[in-house]
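Welcome, and please open your viewer with the sequence panel alongside. We will go from one selection to the next, looking at what each one shows.

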Amino acid sequence: MSPTTYLEAIRQGIWEEMERDQRVFVLGEDVGTYGGAFKVTAGMLERFGPDRVIDTPICESAIVGAAVGAAYMGLRPIAEMQFIDFISCAFDQIVNCAAKSRYRWGAGVPIVIRGPSGGGVHGGPFHSQNPEMYFMHVPGLKIVAPSTAYDAKGLIKAAIRDEDPVIYLEHKFLYRRIKENLPAADYTVPIGKAAMRRRGGDLTVLTYGAMVYVALDAANELLKEGIDLEVIDLRSLLPLDKQAILESVRRTNKVFVLHEDTRTGGIAGEIAAIINEEAFEYLAGPVLRVTAPDTPVPFSPPLEEFFLPKLSDVLSTARKLASY
Amino acid sequence: MSTKVIMPQMGESIFEGTVTKWLKNVGDYVNRDEPLFEISTDKVDSEIPSPAAGTLTEILVPEGTTVQINTVVAIIGAERAEAAAGAADLAAPQPERIPIEKPAVPFALGAATTIPSAREESETVPLAEVKIPPPAQRLEEPTPEEALPPQAEIRPKIAAAAPSNLRTSPLVRRIAREHNLDLSQIPGTGLEGRITKQDILNFIDQRRQAAATEVRVAAAAPEPEVHVEAAAQPSAGMEVPRGAPVSEAPKAEAIPPDLSRFVGEAETVPMTPMRKAIAEHMVTSKRTSAHVSTVFEIDMTAVVRAREQYKDVFEQREGVKLTYTPFFVKALVDAVREFPILNCSVSGENIVYKKSINVGIAVALETGLIVPVVRDAHLKSFTGLALAINDLAERARTKRLKPDEVQQGTITITNPGIYGSLFGTPIINQPQVAILGVGGIEKRPVVVDDAIAIRSMVYLSLTFDHRVIDGAVADQFMARLKTRLQSWTAADCGF
């Protein structure tokens, strides 16, 4: 097996699912002729034809609305948001139609809404966001955020096969920076299950997306100081793998959450509340957070670098928690 | 103390009000928040609730009179039984006094709750004009006792309450509570003198070692309570008395009973905490499981031969003696893999299959027994098992086990043969479902190929819980175990 990039893994996952199930199709801006702004759907128009790889107008609410309608009629659409930032244009279609149809009249909506999220590529405020929390709040949705090529492929397949609307957040920073050998056989990664990236004994960091790699770098540094950091990659944000989180907290007794999303209303708050409610008596220190500050993502490179949580931020929080 | 009732400010631009009606007369008792008088202002007419409970002792502004806001209009005297006031409030918190539950009060306090639905009622004061009465209105603050009751209700029950100047985490407080420790006795090495998890665990360790030296000196000294928990195997579904109250420096409680002389009256000796825990655990186990024992006879020749061959090399290489126990544990683990029902527990109407095989090794102590656990025995090699068993047994005897080394066992092995018993019928260690008893290994004449031969034989007895394991399954398991042991090779020892 040759090394496969994170982006290629997503492409393979979609391709294989389209081969496997005729009902699966792709729609979005520039996904057909152009092969996708990042080339995720390259070659698919030629292989599957214009009925299954559809170039849409620049209107995210129409993209998602059409996807929901297609899902009602028995199809399994994968709706691309060219940059996930544009998902806010489709907000009503997602939260009021996709999320509630099953509840309201038993009509499941097996759609996937996917797009590149995250910063670190000098994309500026409208091409670098992490929108997960707008949707975290909505019962009826699922949200996943893979950090490895293996998970990217496994989770896109799981999302496509899932009977409910899944928001699939690809991290654009990881697209071509990670390469892994992937199994040839068909496999999926279950939605709702975290992955332990590094077992540790002194502290736990809960994280996802590109920040997983910052956490692993931090773990290597901290080991030199005798601090053993456990790194848990959440992978699924909705539903969260509560069991994995609590099991880790009960073992290490100290935990912090690391995410690239902004601080207020970020998932760290939700996780801290869960840990507080369900594992309070196992805490030997407060649940801390390392996040981006509450500002839009800067375009200016030095400002963006300051904005994104980096190794030094993680190290200082870890050291503070370790000394508690 | 008495309370002054004042003319409230009903809106930002309102500076006076007219008392239109007194709803209570002088001498009447009024409850807090009960409507006391009615007023009329430029913007709104309103009922004003009483700011305190008590007797209306004086009305200073008669009906029909207009006064400036904040003018004192009446005085409410102190509560009838003032001494009992605080106690009464604490003892019987009265949730019905909360204004939110009184719809008849459209006054600012009540209006605060209707602000979100401002569209609904036309008589609701428009949001811009409602002003929550400023603190100045209440010239007398309610007595502290009146303010406290709701909080008193929700104060959590912390058994081991740390003195308020001690800084500890919930984890440390929980450990202290479980071990009945006084946190003020434990030195803290954390930030600003906090007691860290390591501090309290070290403290428990040290106490145990101090107790160990005490025990050696005084034969009848009570055991440190970590042994109580150990023998009691605290796990899901099993409520075991957790640690008898033990002071920081356990010492001999009573004169050792003279049990050697059978002269005179009976002598009553109180049970040690460990003994109490063992007693409790044993009867509870019997009450919980359907105990059945099955006995198999094993030809240990292959094992004996392997051990003879390799014990010296092993001792040289690993620095510890090779006993028979690792052989039994390895065979047990291999057989359990094929019969996972032996590695489960019963929870209500469910069978919980454990995914780790954590083997408890029963160790006899001078005054009782303890069962340290080899965790993840299924992931260890033969050598790994031998070392782990050796280490745990050694530390069990010298009382240096950690609390989590006597927990989470999923199956237990015990050795009744150590003092000569042919086989035992051990009691299951809850919440497990099986326990393997190993008898004494003895040379016996046996029939092999229709001739008498001398073989090293052992009886293995399995006590199992017939709620979930049937006789046939138990016997198949034992047959597997027998085959495993009887076909032992050097490779099984890792050589």
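Which residue forms a salt bridge with Arg455(B)? Select Asp299(B): its closest N and O atoms with Arg455(B) are 3.1 Å apart. A salt bridge here is a side-chain nitrogen of Lys or Arg within 4 Å of a carboxyl oxygen of Asp or Glu. The pair links distant parts of the chain, with Arg455(B) in strand S19 (residues 451-465) of chain B and Asp299(B) in strand S9 (residues 291-299) of chain B, 156 residues apart. Helices (H or I, at least four residues) and strands (E, at least two) are DSSP runs, numbered from the N terminus. Arg455(B) is partly exposed at 25% relative accessible area, whereas Asp299(B) counts as buried at 16%. Buried means under 20% relative accessible area, exposed over 50%, and partly exposed in between (1.4 Å probe, protein chains only).

Before going on, some ground rules. This is a predicted model, in which local features need pLDDT of at least 70 and side-chain atom pairs count only at pLDDT 80 or more, while totals for chains, interfaces and linings use all residues. Residues are numbered from 1 along each chain as its sequence is written, chains are lettered from A and ligands numbered from 1 in the order in which they are written, and side-chain values use heavy atoms, leaving out hydrogens and water.

**The two chains**

Now colour by chain. Chain A has 12 helices and 14 strands, and 57% of its 324 residues count as buried. Chain B has 12 helices and 19 strands, and buried residues make up 43% of its 495 residues. The accessible surface of chain A is about 12900 Å², of which 57% belongs to carbon and sulfur atoms; areas come from the Shrake-Rupley method with a 1.4 Å probe, and for residues only the protein chains shown count as cover. Chain B exposes about 25700 Å², with carbon and sulfur atoms supplying 53% of it. Among contacts (heavy atoms within 4.5 Å) between residues at least 6 apart in sequence, 84% in chain A join residues at least 24 apart. For chain B, counting contacts between residues at least 6 apart in sequence, 63% join residues at least 24 apart.

**Charged pairs in chain A**

Over all chains, the whole structure has 43 salt bridges. Select Arg197(A) and Asp151(A), whose side chains meet in a salt bridge (2.4 Å, N to O). Arg197(A) lies in strand S9 (residues 195-198) of chain A and Asp151(A) in helix H7 (residues 149-161) of chain A, so the pair ties together parts 46 residues apart in sequence. Arg197(A) is partly exposed at 30% relative accessibility, while Asp151(A) is buried at 1%.

Next, select Glu16(A), Glu17(A), Arg20(A), Lys153(A), Lys157(A), Arg161(A) and Asp186(A), which are linked in a network of salt bridges.

**A buried aspartate**

Leaving aside neighbours within four places in sequence, the contacts of Asp85(A) include Pro116(A), Pro125(A) and Phe126(A).

**Backbone stops**

Most residues other than glycine have a negative phi, and most peptide bonds are trans. Select Leu238(A) and Pro239(A), joined by a cis peptide bond with omega about 0 degrees. Pro239(A) is in the loop between strand S12 (236-238) and helix H9 (242-252) of chain A. The peptide bond from Gln430(B) to Pro431(B) is also cis, with omega near 0 degrees.

For positive phi, go to His122(A), where phi is near 55 degrees; this residue is partly exposed, with a relative accessible area of 44%. Then pick Asp450(B), which has a positive phi of about 60 degrees although it is not a glycine. Asp450(B) lies in the loop between strand S18 (442-448) and S19 of chain B, and counts as exposed at 79% relative accessibility.
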